[in-house]
Amino acid sequence: MLEIRDLHVSVHGTPVLRGIDLTIESGETFILFGPNGSGKTTLLMTLMGFSGYEVTRGSIIFDGKDITHAPMHERARLGIGMSFQRPPTIHGLPTRRMVELCGRGREMDITEMARRVHFDAFLDRDVNAGFSGGEIKRSELLQLMAQQPRLLLFDEPESGVDLENMALVGHTVRELLDGVPACCSATLRERNRNRTTSGLIITHTGHILEYVNADRGQVMYHGKLCCEARPRVILDHIANHGYQECLRCLADDSYGKIMEAPLI
Amino acid sequence: MSTVDLSRFNFTGGENAAPIQDLTALPAQDRERLVLAGIDVQDKHVSGTFMQLNHADVHCGTRHEGLELMDIRAALAKYDGLPQHFWRLLDPEKDEFTRLTREHCNGGYFMRVARGVKLAEPVQSCMFIKGQNAGQSIHNIVIVEEGAELHVLGGCATAHDAEHSAHLGITEYYVEKGGKLTFTMIHNWGESTTVRPRSAGRVEAGGVFQNNYILLKPVGDLQMYPGITLAGDGAVARFDSVIVAPEGSHVDSGNRIELNAPHTRGEIISRAVTTGGTIINRGFIGAGATPVKGHLECKGLILGNGRMHAIPELDSNQDGVELSHEAAVGKIAQEEIEYLMARGLDEDEAAATIVRGFLNVDIMGLPAPLRKTMDDQIRLLQCGKAM
């Protein structure tokens, strides 16, 4: 589904990503860890196609199509969807209308969809106008529910969300990825067979791992990916040893699974 | 200094034009122009309608007891020159436009809602100009008596073939104690029309004046600066304007509020977009009493090669007033464009969506069909390519 090859990205002329290779299969959810400033968000922004993220080398292939330099709306229409961490307010654009736009003419019961993320009371408000952190998350999820992306990019689903909302966010992300409501009694095999939506999720706290079936994970460090393992294993390791271990790991061939040469 | 040569226009002729009983009998082209100026030619869902064609009152009717509606010339004759209301808020010596209108008033309406009468449906008034070099110099008087409520939909339009016409219009608004006047004005002029409205109003204690102004179509040269004086305790005035100036349009428009009594509140909100024309976006709130509150907001978007000049002013010598203003001139935020593009809208669609939101007419509480007409007009604006 997504294939990133030797991706180098600069922001304002400063190299941030220094050779990313990553493949995410259809139906697979990939978790990205890493300290602040390591380039995780840059990777997501680059995949979505934001201005200011200059690809200096490498390529991004989505569904066999090279989208390295494709405009954002083309990526969105191909099936890439992103949850914004700090989306702008658009005055005069009610949330309901925004959700309609996301659906691109698809028939939807917006009120019912909004109810599922406890957001029906916000539909007439301008999108993001005065929304709290949790409200932004629910608004973003509602838009993604309408958009129905096949690759979901999610930067820190836990940030700014209280525990109660975390469960709602977690279940909704899982529904977006699984394509069926989490409560439905589909067998595991059925679920796996139906799964075609992939995910790329950034997390610091790992709370989201309690809700989604994440298959693989890696640590981003200084613009490179390292230490591929099951996300739970990575999370436990970071919790016990911090990211210092990753530095040692990257610096020394004898530790862990080394993906890249030592950093300068 | 004015650059308008008034001798170019004909301010007389056709005063006795035949009445038009049924506005749907107008030629289709004219009806279309009127609809875009917010006029319901079906004459349904209104409390009354007044229409003036060039210099003649051609259609005037009220359906509601308690609403008086007539040609200003008839009202002056009937009420001995309306000494309480005629030229009481504006100085006829103000400029050449007021002088001409005093010397030769060729129409306008007198509208009065009696004490305590609350009209649920709007009264529509329409000023229509046809032909070459026609000049309207009209005088309107609107009186909302104590505790009464009135919504006026004022549509002004030129016919398709009207060229080099001028509209000079005096309007005096009187809102008595506890009265409420909502005045929605929609302009649908032509590319060569010169427009000089001169309006002023006075609101007594507890009264409310809400003014909505919409200009989405080209106009040659428009200049206006209506002013409202809040003269009684607790009176409120609010101006909402939505202005678009395509290439060739010159719009110098602003609103003025004088907070001259305690507990008065005033708000001026304008949203202006130039797609090539010039907009001078003025606003003034003065406070001569305390405690009062006033807020002024002029926001402008420049798309293409237009010019936007925002001039917000606050003035007071009172201790304890609360006045604020917010002015911004800019372009569409890239961040907003990309947000919408990430949802699948192309750049043009994204820009148009943002401009539509910016020129939000929903807040004006217009009747549904009119809101739809205005939304459709905004949708037709060419703003996508201007990014």
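Start by showing chain A and chain B together: between them they bury about 1900 Å², with 59% of that on carbon and sulfur atoms. Keep in mind as you look around that this is a predicted model.

Next, select the residues in contact across the two chains.

Eleven residue pairs are in polar contact between chain A and chain B, counting pairs with both residues at pLDDT 80 or more. The interface also holds three salt bridges. For one of them, select B:Arg343 and A:Glu140: their closest N and O atoms lie 2.6 Å apart.

Then move to chain B and select helix H4, residues 334-341. Is this helix mostly covered or mostly uncovered? It is mostly covered, with six of the eight residues of H4(B) buried. To see them, highlight B:Glu336, B:Ile337, B:Glu338, B:Tyr339, B:Leu340 and B:Met341.

What covers those buried residues of H4(B)? Bring up helix H2 (72-78), helix H3 (95-103) and helix H5 (133-147) of chain A, which are among the covering elements. Chain B contributes to the cover too, including its own helix H5 (347-358). With these helices displayed around H4(B), you have both chains' part in the cover on screen.

Key: Residues are numbered from 1 along each chain as its sequence is written. Chains are lettered from A and ligands numbered from 1 in the order in which they are written. This is a predicted model: local features need pLDDT of at least 70, side-chain atom pairs count only at pLDDT 80 or more; totals for chains, interfaces and linings use all residues. Side-chain values use heavy atoms; hydrogens and water are left out. Buried means under 20% relative accessible area, exposed over 50%, partly exposed in between (1.4 Å probe, protein chains only). Helices (H or I, at least four residues) and strands (E, at least two) are DSSP runs, numbered from the N terminus. Contact means heavy atoms within 4.5 Å. Buried area is the accessible area (1.4 Å probe) that two parts lose on being put together, summed over both. A salt bridge is a side-chain nitrogen of Lys or Arg within 4 Å of a carboxyl oxygen of Asp or Glu. A polar contact is a pair of N or O atoms within 3.5 Å; within protein, one must be able to donate a hydrogen and the other to accept it, and residues adjacent in sequence count only if both atoms are side-chain atoms.
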